[in-house]
Amino acid sequence: MSSFWHPFAEMAKVQHAPFIIDRGEGIYVYDEDGRQYLDAAASLWYMNIGYGRDEVIDAMADQMRKLPAFHAFIDYGTRPPIDLADKVAAVAPDRGSKVFFGSGGSDAVDTAAKMARRYFNAIGEPERTVFISREWAYHGMHPYGTSLGGMEPNRVGYGGDLVGDIVIVPFDDAEAVDKAIDHAGAERIAGIFVEPVIGAGGVRPVSQEYLQSVHASVRSAGGLYVSDEVITGFGRAGDWFAASRFGLEPDMITFAKGVTCGYAPLGGVIASSTVAAPFFETPGLMFRHGYTYSGHSTACVAGLVVMDILEREGLIARAAALESEIYEALLPLEELPAVDHIRRGIGALAAVQLAVGDDETLPARAAAACREAGVLSRAMGGGSLQISPPFIMTPEQVAEMAGLLHAGLRDL
């Protein structure tokens, strides 16, 4: 028993038997007894370049020896966040974007929500406070993100809503977005938060037509389209951003995970030139928001090196190729009684939908059985298993992953 409180954990059970990961190499991790596990989830969607990349580690160590961090409030700054912001903006749909850094995805979502409301206040439309979100969505666990989330268990138990003026609609119904706009009043819409592929809610993709329709509807109402790419950003969707793959021009993009591939905590918001303009052009106007580690020097160095690796090694194209490789390798799992179907995502994303029925214990048992077989995944919303491996996975390793999943699931 330790003093560590695990996130999203039933501590009455977990405190007595934590599963300790000791080290990682490539697409594999090892427990304290030295047993190997294939990481089919890239930890928590983020270890895209694999474990043990000395290039990233050495660059971070060099920066830490020189200057580990210095705050970026007011006019202070260090070179790494400035360079990384420029590099991120250069691959964003709007090359004139500005980048606001935080420490992770939950920071990014809350920053985007506050930025949207502050933007409308700044341009003389303070009545725009209503956000639309979607069922099954996950937008982090800060107050805005918790309230925007579309998985009910994550929102209950807090004595009411943490943030008001949020409307949740079905995740794949564009007409429902139009109805929500009409019901709230177009003049009150601040924006919509959209995961291009629902992540923690079960890897649930939608069509390009849906995304473009929702984008057009919210823009027509005068609101902002926020593409939540904490999971899909930096290559997982087979492009730098899913918004680019689907021909969208978001007003904001939230990002985290893939920007450093887990080598340091970092996230942020890419604000379009339109959203940034009032704050960059109006004397005296300030966005009074930020975090101690906004623009953390060492974390931003990790981001710079990771982006170089993604480009140099062609890993974004590799993520695109994994889309069909993963799906085809997993299809034979549909023959197992425990599996209902394989859900194909975009890029390096998929889900094994379990035949849950009335057995609510099946997802947890399935994840545990796969771990015992030597492959790590986790249960997601709706009773599915997460498949989001590192981009460096070879075709042979894709087959290995599928075989291990089959071994874990066949006896359930």
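Author: One term to begin with: contact here means heavy atoms within 4.5 Å. Also, this is a predicted model.

Reader: Ok. Which residues of α12 meet α14, then?
Author: From α12, the residues are Arg318, Leu322, Glu325, Ile326, Ala329 and Leu330. They meet Pro395, Val398, Met401, Ala402 and Leu405 in α14.

Reader: At roughly what angle do the axes of α12 and α14 cross?
Author: Roughly 35°, and the axes come within 10 Å. Helix α12 covers residues 315–330 and helix α14 covers residues 395–409. The crossing is right-handed.

Reader: What does α14 lie across?
Author: Strands β2, β3 and β15. Its direction is at about 110° to β3.

Reader: What order do the strands have in that sheet?
Author: The order is β1-β2-β3-β15, in an open sheet of 4 strands with mixed pairing. At the edges are β1 and β15 (375–376), each of which pairs on one side only.

Reader: What holds strands together anyway?
Author: Strands of a sheet pair through backbone hydrogen bonds, either parallel or antiparallel.

Reader: So are β1 and β2 parallel or antiparallel?
Author: Antiparallel, over 4 bridges, with β1 at residues 21–25. Isoleucine 21 has aspartate 31 in β2 as its bridge partner, and arginine 23 has tyrosine 30.

Reader: How many residues sit between the strands in that hairpin of β1 and β2?
Author: There are 2, and glycine 26 in this hairpin takes a positive phi near 65°.

Reader: And β2 with β3, how many bridges?
Author: 3 bridges, again antiparallel, with β3 at residues 36–39. Valine 29 stands opposite tyrosine 37 in β3. The hairpin of β2 and β3 has 4 residues between the strands, and glycine 34 there has a positive phi near 90°.

Reader: Which way do the residues of β2 point?
Author: Tyr28 and Tyr30 point one way from β2 (residues 28–31), and Val29 and Asp31 point the other way. Buried or exposed? All of these are buried.

Reader: New topic. What order do the strands have in the sheet of 7?
Author: β4-β12-β11-β10-β7-β5-β6, in an open sheet with mixed pairing. The edge strands are β4 (98–102) and β6 (166–169), and each has a single partner strand, so one side of each has no neighbour in the sheet. From one strand to the next, the twist averages 20°.

Reader: Pick a pair from it. Are β5 and β7 parallel or antiparallel?
Author: Parallel, joined by 3 bridges. Strand β5 covers residues 130–134 and β7 covers residues 189–194. The bridge partner of isoleucine 132 is isoleucine 192 in β7.

Reader: What does glutamate 187 touch?
Author: Glu127 and Arg128, leaving out residues up to four places away in sequence. The C-alpha atom of glutamate 187 is also 9.9 Å from that of proline 126, although the two residues are 61 apart along the chain.

Reader: You mentioned positive phi in glycines. What about other residues?
Author: Most residues other than glycine have a negative phi. Tryptophan 136 has a positive phi, near 75°. The loop between β5 and α6 (143–148) holds tryptophan 136, which is partly exposed at a relative accessible area of 29%. Lysine 257 also has a positive phi, about 20°, and is in the loop between β11 (252–255) and β12 (267–271).

Reader: Last thing, helix α3. What should its span be?
Author: Its 13 residues (54–66) should span 18 Å at 1.5 Å a residue, and the end C-alpha atoms are 18 Å apart, so the two agree.

Reader: Which residues of α3 are buried?
Author: Val56, Ala59, Met60 and Gln63. They cover an arc of only 100° around the axis, which means they are on the same side of α3. Asp54 and Arg65, on the other side, are exposed.

Reader: And what covers the buried residues of α3?
Author: The cover includes α4 (79–89) and α11 (297–312).

Note on methods. Residues are numbered from 1 along each chain as its sequence is written. This is a predicted model: local features need pLDDT of at least 70, side-chain atom pairs count only at pLDDT 80 or more; totals for chains, interfaces and linings use all residues. Side-chain values use heavy atoms; hydrogens and water are left out. The expected span of a helix is 1.5 Å times one less than its number of residues. Buried means under 20% relative accessible area, exposed over 50%, partly exposed in between (1.4 Å probe, protein chains only). The arc is that of the directions from the helix axis to the C-beta atoms. Two strands pair if DSSP finds at least two bridges between them. Axes are lines fitted to C-alpha atoms, for helices over the stretch in contact, and angles run from 0 to 180 degrees between N-to-C directions. A crossing is left-handed if the near helix is turned anticlockwise from the far one by less than a right angle, and right-handed if clockwise.
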